[in-house]
Every structure is written in structure tokens, then in C-alpha cells.
Amino acid sequence: PEAGGRWLALTPLAVPDEDSREPDLALRFDAVQLFVQRAAQAQGAPMGLREQGAANVSAVVSCVERLGGMPLAIELAAAWARWMPVSAIAEDLQRSSGLLERDPAVPGRPAREQHRSIDAVLRHSWHLLAESERSAAEALAVFEGGFSTVAAREVAAISMPVISALLDKSLLQVDEDGRLGMHPLVLAHAAALLRSDAAHAGTMARRHAEHMAAELAQLEPLVNADP
């Protein structure tokens, strides 16, 4: 930001956790509400999730989980409810993000050209990164779950300034315990780019395995001594 400004972190919409999957609880979450509203607009009628039963609510929850609460992704996915059941949308999202494109039958244009699909959003974001940031984001895709700053430095040889830059650009997230991670859609995009470079992917897989082996070796003495 310019002088006198401040950073404002934009977090994803709230998604139901494991204890909030009952229909009445799930429907209170912002991500679920947005999906329901946009799907109803696409169908031209209220969705009536309660009347359709827990299975349909579960499908909506599965969608917003896979999308990590990202508003644009939720809107793109919900638009396909115009002719697809929500369960089919959820199944497609588990396989790929290819469904996350604007339905060409919907009138009007997206507010920004790169918002026509999630892939377009991510390609645009990658284009804005410095080369060191691009390389780091792709290397970090070797971690399928969260990871520590120590692991990021040891496995991917990434400096703290680069980690900080990726956090500022919302390509990394940090939880309340200080563990880092990527939004599911960002991770899928970075992983695809990493796989496209077989040599780099192989190096990262080996370094990740060596790091995990060292971690397990440190824990081994505790197996019998500290339940």
C-alpha cells in the first residue's frame, strides 16, 4: 500500500467444519449461503435445501470445502446448478477444477476478464510474481498439507523474505499455530506446474522424503518412552 495505507487480509468465506455438517448448522455458514443464493439464481427458483434433505446439503458443503471458501470459485461452480444436480457438481470438483469456468449461456460479462475462470485468475496471479516467487510457490506444492517455515526452508530452500512475499500476495496462508499452507485451488495449480517440470518435481519429492525421514528418525526414540 501507499504511505499511510495498511494491508487488509481478505480471508475466504467460512466453511462448515466437522462439527457443523447438520443441515441447520451448515446453512448458517457464509460459503454455503453464497452457493445456495447463486445456485437459486441459476435455477430461477429457491433451492429449498432443507426440503431436499441432508444429502443435498452435504453436496453443497463438499463443494465449498473443495473451493476453500473462495467467493469467485463458489459463484462459478454454483452457476452450473442451472442444469446439473449439486451432487454432480461436487463429484466434478473432486476430480478437477475444470468446472470453474463461467457458463457461456449466462448473459453479461465478468467484472474483470481474468474472472472468466479460476485458471485465468491463477494464471494472472502467477504472471504478477517475481521469478523467485513463482519457483518457490511451485516447489511448495510438494507439501500436500500444511508445513512449517523450517520445512519450507529445508525442503524447498526458500528464504523468509520470499515466504513473506507469498503471504502478502495471498498465495500462502498461515493458521493460528503458525503453520503455512496453500488454498486448495492454489495448491492444485502450483502442483500442476511442478509436475510439468519432471526434473524439478523429482528433486522436490526426494528432498521432501529425506526431510520426513529425518523427522521420523527424531521421533523414533520416543516411541517406547513417551506414549
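This is a guided tour of one predicted protein chain, stop by stop.

The model is predicted, so local features need pLDDT of at least 70, side-chain atom pairs count only at pLDDT 80 or more, and totals for chains, interfaces and linings use all residues.

**Whole chain**

Show the cartoon. The protein chain has 13 helices and two strands. Helices (H or I, at least four residues) and strands (E, at least two) are DSSP runs, numbered from the N terminus. Of its 227 residues, 37% count as buried. Buried means under 20% relative accessible area, exposed over 50%, and partly exposed in between, with a 1.4 Å probe and protein chains only.

Switch to the surface. The accessible surface is about 13200 Å², and 53% of that belongs to carbon and sulfur atoms. These areas come from the Shrake-Rupley method with a 1.4 Å probe; for residues, only the protein chains shown count as cover.

Contact means heavy atoms within 4.5 Å. Among contacts with a separation of 6 or more, 59% join residues 24 or more positions apart.

**Helix 7**

Select residues 118–127, which form helix 7. Ile 118, Ala 120, Val 121, Leu 122 and Trp 126 are buried here.

**Glu 138**

Stay in helix 8 and pick Glu 138. What does Glu 138 touch, not counting residues up to four places away in sequence? Its partners are Trp 126, Ala 190, Leu 193 and Leu 194. Glu 138 is buried yet has no salt bridge. A salt bridge is a side-chain nitrogen of Lys or Arg within 4 Å of a carboxyl oxygen of Asp or Glu. The nearest side chain of opposite charge is Arg 134, 5.7 Å away. For charge, Lys and Arg count as positive and Asp and Glu as negative; His and the chain ends are not counted.

**Aromatic pairs**

Rings of Phe, Tyr and Trp (its six-membered ring) pair if their centres lie within 6.5 Å; planes under 30 degrees apart count as stacked, over 60 as edge-to-face and the rest as tilted. The count is two aromatic pairs. Select Trp 80 and Trp 83: the ring centres are 6.1 Å apart and the planes stand at 90 degrees, so this pair is edge-to-face. Trp 80 is buried at 12% relative accessible area, whereas Trp 83 is exposed at 56%.

Next, select Phe 143 and Phe 147. Their centres are 4.6 Å apart with planes at 25 degrees, so they are stacked. Phe 143 is buried at 6%, and Phe 147 is buried at 2%.

**Two positive phi angles**

Most residues other than glycine have a negative phi. Pick Ala 157, in the loop between helix 9 (149–156) and helix 10 (160–168). Its phi is near 55 degrees, a positive value. Ala 157 is exposed, at 54% relative accessible area.

Move to Ser 170, in the loop between helix 10 and strand 1 (173–174). Phi of Ser 170 is positive, about 65 degrees. Ser 170 is partly exposed at 48%.

**Surface patch**

Finish with Leu 216, Leu 219 and Leu 222. They form a nonpolar patch on the surface, with about 290 Å² of accessible area together. Patches are made of residues with over 30% relative accessible area and no salt bridge: like charges are joined within 9 Å, nonpolar side chains (Val, Leu, Ile, Met, Phe, Trp, Tyr) within 5 Å. Leu 222 sits in helix 13 (residues 222–225). Leu 222 is partly exposed, at 41%.

Technical notes. Residues numbered from 1 in each chain as written. Heavy atoms only, no water.
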